[in-house]
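Dear colleague,

I am passing a structure on to you with this email, and my notes on what was found in it follow. Please keep it open beside you as you read.

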Amino acid sequence: MIQDPDIAIIGAGAAGIGAARRLAGSGLSTLMLEALPRPGGRAWTREAAGVPLDLGCEWLHSGDRNPWTRIAEQSGVTVDRRESAWRSQYRNLGFSPAEQAAAHDAFAAWGDRLVSAPPASDCAADALDAGGRWTAYLQALSGYISGDELERISARDYAAYDTASTHCNWRLPAGYGTLITGSLPASANLVLGTPVEAIALEGNRVALVTPAGTIRARAAILTVSTAILAGDAIALPPALDPWRDAASRLPLGRDEKLFFEIVGRNPFEPETHVIGDPHDPATGSYSIRPFGRPVIECFLGGAGARAVAEEGADAAFARATGQLVTLFGSDVRTCLRPLLASDWAGTATIGGAYSHALPGQADARTVLARPFDARLFFAGEATHPTDFSTAHGALESGIRAAEEAIAALGHPAPG
Ligand SMILES: Cc1cc2nc3c(=O)[nH]c(=O)nc-3n(C[C@H](O)[C@H](O)[C@H](O)COP(=O)(O)OP(=O)(O)OC[C@H]3O[C@@H](n4cnc5c(N)ncnc54)[C@H](O)[C@@H]3O)c2cc1C
């Protein structure tokens, strides 16, 4: 391990990798410390049933301006530009065309109100149509988009993301996690399985205490999730309390994925989609046979994702099977084999899905992104003013933090 790098990067997720890419060739030495035994953080492609499956980020949101799209193209990685099937309901099962139109209109009207008549409370739930028939549906969407119920979402924060989004969602057949981890430059000097336990300011250095010893860097870029920053896994100097406080106002929501393998004769058609029950705020959203592969991905957000942690993966698979049986008939039960489940909330070094601002707290993103004392720099999806909660927002935040560090350090240390 390099003991005294110019810059230590804490966390090898999309933000840390973005910082490492920007620092490559800068002349500044880097050391990247990652607590997990693998790089990528919330970007994680796993192989199961012979196909790559993304447990975390999967979609190139705002794909037409997403820097990962360019990185994929430059590396010869295929980008699938087909429109997502999210808004369609296969054969209108359990969700008539009239209901779908009404539900989509309710969502659009709510989104318009957030911008045209934002609630004084800044609480996204206060823009709901009182007594509206589609509130449960909107709560389910809030679970997928923000990981939490509308009562806990800042209207201003949500609108900032939505306004900046190009609503163009593309995919990577080889996996988003594969692209992100494959983009880490060797110059990062990644060390896995090495959690930073404490950060201290020593003279003009930043001391990082790890089980493998203490590293003294001229500067550090901290990319850990808001759950980690606000928690007690890393002992921080009291001067960083405002950053911890900002992180606590940007909590991680809950989102989890369940993957089924499809076996035998079955009615599932490629690239189709169903919502399990549009009147259940905890419902799964099912992507059926993505890329024609023999899998179904069940996406759960908010209450649905919390239930996975509370009741366990077996119960979650059973509930998802029940929803598919209700829509497709009891014969499909024998075609569905539980394959893989995520556990982001239970992953101690991550602690949830992605950040959202609590009502009235959208400014916390700016507070969190500020450098400290020209030697501690903050990156991670939560620090992005508009593209938070995404892998490209994380990448851009890492590049921004690396540029701040380069400007602060100016030149490599002599010798
Ligand atoms: C279910 C799910 C679906 C998603 N879908 C999408 C999607 O389709 N599109 C999209 O753009 N985004 C999606 N996201 C969000 C996206 O994955 C994240 O916003 C992004 O990957 C976050 O990157 P990051 O670098 O900010 O944080 P992280 O990936 O969390 O990286 C931080 C790293 O720091 C490490 N760490 C923590 N503590 C320590 C310590 N003490 N010492 C050393 N290392 C430490 C962690 O282990 C982690 O690897 C999804 C996320 C989830 C969970």
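Two strands are said to pair if DSSP finds at least two bridges between them, and strands (E, at least two residues) and helices (H or I, at least four) are DSSP runs, numbered from the N terminus. This is a predicted model, in which local features need pLDDT of at least 70 and side-chain atom pairs count only at pLDDT 80 or more, while totals for chains, interfaces and linings use all residues. Residues are numbered from 1 along each chain as its sequence is written, and side-chain values use heavy atoms, with hydrogens and water left out.

In this model, five strands form an open sheet with parallel pairing, in the order β7-β2-β1-β11-β17. Its edge strands, which each pair on one side only, are β7 (190–191) and β17 (376–378). Strand β2 (residues 30–33) pairs with β7 in the parallel sense over two bridges, and Leu33 has Val191 in β7 as its bridge partner.

A polar contact is a pair of N or O atoms within 3.5 Å; a polar backbone atom of Ala14 is 3.1 Å from an oxygen atom of the ligand, whereas a backbone N or O atom of Val196 lies 2.9 Å from a ligand nitrogen atom.

Best wishes

Notes: A polar contact is a pair of N or O atoms within 3.5 Å; within protein, one must be able to donate a hydrogen and the other to accept it, and residues adjacent in sequence count only if both atoms are side-chain atoms.
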